[in-house]
Amino acid sequence: MLDSGTNLTPGSPEEAAAFAVLQDRFPDVYRNVFSDPQAPRTVVVVPSMSLDERELAKIPGVIHYEERMLCLLMLLRLPRTQLIYVTSIDLDPAVIDYYLHLLPGIPSMHAQARLDLLSLNDHSLRPLSQKIVDHPERLAELKSLIRYPESAHMTCFNSTELERTLSVQLGVPLYACDPALAHLGNKSRSRSLFREIGLDLPDGFEDLRDRSELVTALTDLHHRNPELSRAVVKLNDGFSGEGNGVVPIHRLADSVSPKKAADRLLTDAIRFEAQDETWEQYESKLTSMGGIVEALIEDRRLTSPSVQMRIDPLGKAQLVSTHDQVLSGPSGQVYYGCTFPALDSYKIDLHEAGYAVADALNGEGVLGRFGVDFVSVPTENGWKHYAIEINLRKGGTTLPYLMLEYLTDGEYDPETGDFHTPTGEVRTYYATDNLVKDPYLDLTPSELIDAAVYEGIHYHATSQKGLVFHLLGAVTDFGKIGMVSIAEDRATARHQYDGAVATLDSTSAING
């Protein structure tokens, strides 16, 4: 572990050089430690959502999204692994107890001895990584907790300059993409990369920086596609669909001055996916982030699949999973949940596209998990997949898949696109991190868990089926819950999920 990181200026060439040294060391750590379940190691989990605070403010209970990476507590099943989990606010002890009791084959007391929790007691929406870096005493405390510095690494939700600074100051490598490559995952660069490797993508324009460029793009898109009904505007660094706005581009037809008409549409007719968004606020973010405009693909049979990949420290691209995303919002662009795996009719297509993107990103030096989102429509010649964006981070599909993997000790078969337990049984799931109902307000995490146990719907290790909760900390104040429904097929997983919602509704009614 390097000791000089705290003396380096954040963002300086010296810090970048120190980070490169840490990352160069990581392949040997990965080679020697990750292949040995008995090897001592420290995993520092910093679930910082290092994203635009204005965008984060749109998500109710977003500070509790730091709980989404609690699935990594399942790493404590490795008997010599220490895990340090940092949060902005205290975690309910019942939540930690819940996860530890899910551990297969490990007494919770044994796991607890290898788990260190560190809370910053800061409710602000500033990124958690920033909060740590800004408080040298907490940084020193975190650093002192690391028991195995030579075999330690840090993992995070997304990687920015803040995570690079924290990595250097802790003296441990970061299992994530170098922040210098973050632009490869924005909306504009995603479109460019898809075009370069030959994937289909919606007609549109990227690298837009202001209103005038957006107006020109809308009018040009209408000129090329006169029958197009709607276009979608996206912020380069928006996430979960919250940075999108839909424009009724068909209104430009027969306009005497298309550019003036397009300009008026932005002020008067654009409809944002995020509640309470205004054009004035959005224009400010477009100017600072940049963005794109593209044709909105519309079809009643439309699906929104995704493929998840990982590039390990040895430079090997690995297929992780496929999903069909469940979307909500005014025009169906906001992430609500997912079904695993994606439809049988096209999941192998997603494998091929995922590897193509991975090869391109690998050539750029990308490390860690990423996902590729699509919009897909059936045609006479099979499904047509429009590549939409690359997410160089963990996403909404990461937690449910890791829970399935860790709980069952199974694996995803890249040949079939199915997940098999060690006994060969197939497992699927339906998951959400956005179940929100007012009646759930004032329920406690313990009451939710009790209800699932009483009704016999909670996950059973013997059958490897049932419901697993997450985002438990958000329920009391925001009425928000996350769930993963694990079953032998998609229909049963969804039926089980619907039954769990009915159970929670009954519980909240009784408590109310």
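Author: Two strands are said to pair if DSSP finds at least two bridges between them, where strands (E, at least two residues) and helices (H or I, at least four) are DSSP runs numbered from the N terminus. This is a predicted model, in which local features need pLDDT of at least 70 and side-chain atom pairs count only at pLDDT 80 or more, while totals for chains, interfaces and linings use all residues. Residues are numbered from 1 along each chain as its sequence is written, and side-chain values use heavy atoms, with hydrogens and water left out.

Reader: How do you know that strand 1 and strand 4 pair?

Author: Strand 1 and strand 4 (residues 152-156) are joined in the parallel sense by 5 bridges, and at least two are required. In strand 4, Thr-155 is the bridge partner of Val-45.

Reader: What makes strand 1 largely enclosed?

Author: Buried means under 20% relative accessible area, exposed over 50%, and partly exposed in between, with a 1.4 Å probe and protein chains only. Of the 6 residues of strand 1 (residues 41-46), 6 are buried, so the strand is largely enclosed by the rest of the structure. Arg-41, Val-43 and Val-45 lie on one side and Thr-42, Val-44 and Val-46 on the other.
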